[in-house]
Amino acid sequence: MSTFNSADIGAFKDVWVFCEQREGKMMSTSFELISEGRKLADERGSQLVGILLGDDVDGIAKELGGYGADKVLVCNHPLLKVYTTDAYTKVICDVAMEYKPEVMLLGATNIGRDLGPRCAARLHTGLTADCTHLDIDMDKYINYLDTSSTLDLSNMKFNMEDRNLKMTRPAFGGHLMATIICPRFRPCMATVRPGVMKKAEFDQAKADACVIEHPAFTLSESDIHTQVTEVVKAAKKLVDLIGADVVVSVGRGISKDVEGGIKLAEELAEVLGGVVGGSRAVIDNGWLSADHQVGQTGKTVHPKIYVALGISGAIQHKAGMQDSECIIAVNKNETAPIFEVADYGICGDLFKVTPMLIEAIKAAKAAK
Amino acid sequence: MKIIVCVKQVPDTSGKVAVNEDGTLNRASMATITNPDDLNAVEAALQLKDETGAEVIVVSMGPAPAEGMLRELLARGADRAVLVSAREFGGSDTYATSQILAAAIKKIGLEDDDVVFCGRQAIDGDTAQVGPQIAEKLGLPQVSYVADIHKEGDEITCKRMLEDGYMTIKVQTPCLLTCIKELNSPRYMSVDGIFECYQKPYEVYGYETLKDDPLIDPSTIGLKGSPTNIFKSFTPPQKGVGMMLEGADKATCEKLAGMLAAKHII
């Protein structure tokens with residue numbers, strides 16, 4: 001093995017993406033990261049390399065080429081079939097020490113966020129968590145600041161020769177954004193929030209041309225200090241309001257057809273990949289159980305999307321949801337206080353609007 | 001058996017967050033709390049203490065006022081507290097922080113039947129990195145996102161949450177677990193605990209205490225030793241007043257879906 005020194009930054013090249021698979025199926029975030037990695041490799045004038053670990057997973061490697069990977073390093077081993085921190089860290093670090101990638105991206109999944117820090121600590125380099133934007137070219141970064149920050153760029157000086165990866169992420173619950181660099185060590189590592197980077201158009205010719213390589217590595221039982229005794233795919237937990245990315249809540253507005261209203265909320269939640277909540281009125285009337293309650297006496301949520309159907313927006317309810325990233329409200333009463341905190345409001349009957357909204361969102365997602 | 005719990009004092013971002021004009025956080029104007037996931041880690045430790053009589057040691061790196069938080073945790077039932085605090089440690093990123101905390105844990109002494117607990121992540125940075133990085137620096141196996149813990153002898157069985165389910169993982173002590181809020185409901189301070197918390201052992205580890213550990217090297221700790229640096233921080237453009245869409249028909253819904261898709265919200 002060649003010598004490895006993370007501070008010898010000139011020895012590093014190429015952009016790597018850790019391509020996560022579970023049960024032999026590629027996670028969709030891997031395609032997003034490959035698509036984003038392609039842009040960075042082009043800015044850097046280097047190769048984009050996927051690294052894929054599993055057991056007999058050559059069959060899912062070429063598809064990564066269709067989204068931009070020049071090459072995929074595939075590491076097959078029975079002990080890599082199911083994720084363990086120890087095995088994955090060892091193989092990735094051993095291969096990275098040999099190949100010396102300049103940039104390494106991982107999805108900020110529950111597994112990527114377990115693996116990334118362990119690898120960064122072993123390689124002695126920096127890792128930036130949950131990035132939402134990445135740049136190498138300074139002019140592209142300045143352009144990004146221009147549209148996405150309140151900074152006055154006119155009196156700021158930038159070093160246009162700066163070739164560091166600029167990793168931008170939300171901090172303090174999204175109240176601040178921070179751009180992080182890792183100037184003295186390589187690889188420069190980042191985990192990226194799933195769903196943020198856009199998947200490129202799939203190109204079959206590029207997939208066919210993608211090179212598959214099998215790097216040498218060693219791995220044995222004695223390298224692994226945890227034992228996975230079962231992997232359980234849970235039926236979606238009924239109400240994980242706090243952990244949910246999307247919450248669709250119903251209020252008193254469903255009173256004329258409680259069952260129908262809840263069913264519509266469930267359908268919309270299903271389409272958006274979320275769960276159903278309710279206002280205090282809904283819980284007090286016994287329409288939904290107490291664990292669904294959003295508000296001061298219920299749960300405080302700040303999902304990516306909060307939809308309020310037929311909720312007037314009492315202060316106690318708003319206290320539980322107003323920090324959501326995007327709030328959509330549907331209410332018959334145009335003076336309902338919920339509209340004061342909503343990003344998007346539709347004044348109308350939820351029983352008429354919701355079915356149309358479900359169809360429109362389905363269509364918009366299909367078109368992506 | 002010892003259970004060492006790493007905790008952090010954080011600004012309460014659930015309330016109003018004050019931002020200075022230069023885009024940095026106005027910490028002085030914000031209340032501080034114990035990081036929520038860390039309270040679950042402390043509770044998990046206290047439950048193991050109830051079962052096994054283990055000693056619970058809370059460790060925090062931070063400025064002197066973090067003593068208040070540590071005393072509170074002693075009042076909840078922890079036996080001993082260590083504050084890791086020095087000018088040299090300031091400005092550390094997650095890598096440097098994990099070097100320092102790992103050195104502090106070595107100083108406390110980690111034996112074969114000991115366990116280290118952390119919260120999954122802190123609400124100020126949301127990185128979830130320090131726990132796994134401490135484990136790497138100490139050469140310990142780690143299990144993150146732990147929602148259930150059973151200990152039998154030197155074997156711990158954990159429920160480790162995934163986005164779409166969970167894994168059951170067995171691990172031997174010594175090991176490091178990062179805890180999520182689904183694990184338990186933290187207990188309150190007891191009246192007796194409040195009386196006792198100033199009598200319990202409380203230590204401060206400064207630079208001098210830890211400097212002989214090879215992990216404590218000026219090139220790997222503090223602002224200068226941190227691999228990552230903040231290049232810029234800024235506030236996102238203010239959320240405008242919400243947009244009331246015209247009408248409530250099919251076209252309205254399509255327009256809304258289109259805007260959500262364009263902004264990658266869906």
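User: Where is A:Pro187 found?
Analyst: A:Pro187 sits in the loop of chain A between strand S10 (176-181) and strand S11 (188-192). Strands (E, at least two residues) and helices (H or I, at least four) are DSSP runs, numbered from the N terminus. This is a predicted model, in which local features need pLDDT of at least 70 and side-chain atom pairs count only at pLDDT 80 or more, while totals for chains, interfaces and linings use all residues. Residues are numbered from 1 along each chain as its sequence is written, chains are lettered from A in the order in which they are written, and side-chain values use heavy atoms, without hydrogens and water.

User: Which residue does a cis peptide bond join to A:Pro187?
Analyst: The cis bond joins A:Arg186 to A:Pro187, with omega at about 0°. In chain B, a cis peptide bond joins B:Thr173 and B:Pro174, and omega is about 0° there. B:Pro174 lies in the loop between S9 and strand S10 (175-179) of chain B. Most peptide bonds are trans.

User: What is the phi of A:Asp130?
Analyst: Phi of A:Asp130 is near 55°, a positive value in a residue other than glycine. A:Asp130 belongs to strand S7 (residues 127-131) of chain A.

User: Switching to the two chains: how many residues are in contact?
Analyst: Counting heavy atoms within 4.5 Å as contact, 81 residues of chain B touch 90 residues of chain A. About 7,100 Å² is buried between the chains, and carbon and sulfur atoms give 60% of that area. Buried area is the accessible area (1.4 Å probe) that two parts lose on being put together, summed over both.

User: And how many salt bridges run across that interface?
Analyst: There are three between chain B and chain A, a salt bridge being a side-chain nitrogen of Lys or Arg within 4 Å of a carboxyl oxygen of Asp or Glu. The side chains of A:Asp114 and B:Arg160 form a salt bridge, at 3.7 Å from N to O.

User: How many salt bridges are there over all chains?
Analyst: The whole structure holds 35. A:Asp349 and A:Lys256 form a salt bridge, with their closest N and O atoms 3.3 Å apart. A:Asp349 lies in the loop between strand S18 (344-347) and helix H11 (350-366) of chain A, and A:Lys256 in the loop between strand S14 (246-250) and helix H7 (258-272), so the pair ties together parts that are 93 residues apart in sequence.

User: Which residues line the largest cavity?
Analyst: The lining draws on both chains, including A:Tyr83, A:Asp114, A:Val228, B:Gln142, B:Arg160 and B:Ile169. S7(B) gives the largest share of this lining, three residues.

Technical notes:
On a 1 Å grid over the protein atoms alone, a cavity is a set of points where a 1.4 Å probe fits but cannot get out, and a pocket is an open set with protein on both sides within 12 Å along at least five of seven lines; lining residues have an atom within 4 Å of a point.
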